[in-house]
Amino acid sequence: MDKGELFPKEVVSDMPRVTMTGSERVHVEQHKGLIAYQPEEVVFRVASGRLTVSGQELRFRLYTSGEAILTGRVDSVAIAGGERTV
């Protein structure tokens with residue numbers, strides 16, 4: 001049996017997982033590091049390119065080598081290097 005059949009795709013691949021709670025919290029999993037941080041914009045390196053969180057008064061509540069939680073007012077989340085803007 002293939003691992004892909006047992007686990008969700010984001011668990012067995014380098015695909016980032018982004019979870020938003022309202023417009024005040026973003027949880028990013030499987031990032032590859034921080035490219036830039038400003039209170040208005042945070043840019044992560046991900047396997048497919050860059051993941052950008054834009055907003056106001058953004059701050060880290062958690063940051064590890066593969067996981068981050070941001071709080072503040074989140075206006076947008078975008079992935080560049082792929083086809084998605086969320």
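Predicted model: local features only at pLDDT ≥ 70, side-chain atom pairs only at ≥ 80, totals over all residues.

Colleague: Fine. In what order do the elements run from the N terminus on?

Modeller: α-α-β-β-β-β-β-β, taking helices (H or I, at least four residues) and strands (E, at least two) as DSSP runs numbered from the N terminus.

Colleague: And what's the strand order in the open sheet?

Modeller: β1-β2-β6-β5-β4-β3, with antiparallel pairing; two strands pair if DSSP finds at least two bridges between them. The edge strands are β1 (17-21) and β3 (33-38).

Colleague: How many bridges between β3 and β4?

Modeller: Five, antiparallel. Y37 sits opposite V42 of β4.

Colleague: New topic: how many residues are in the largest nonpolar core?

Modeller: 13, with V26 and F44 among those having the most contacts inside it. Such a core is a set of buried Ala, Val, Leu, Ile, Met, Phe, Trp, Tyr and Cys residues joined through side-chain atoms within 4.5 Å, and buried means under 20% relative accessible area with a 1.4 Å probe, protein chains only.

Colleague: Which strand gives the largest share of this core?

Modeller: β6, with five residues.

Colleague: What does V26 touch, leaving out residues up to four places away in sequence?

Modeller: Its contacts (heavy atoms within 4.5 Å) include V18, M20, V53, I69 and V77.

Notes:
Residues numbered from 1 in each chain as written. Heavy atoms only, no water. Buried < 20%, exposed > 50% of the residue type's maximum accessible area, 1.4 Å probe, protein only.
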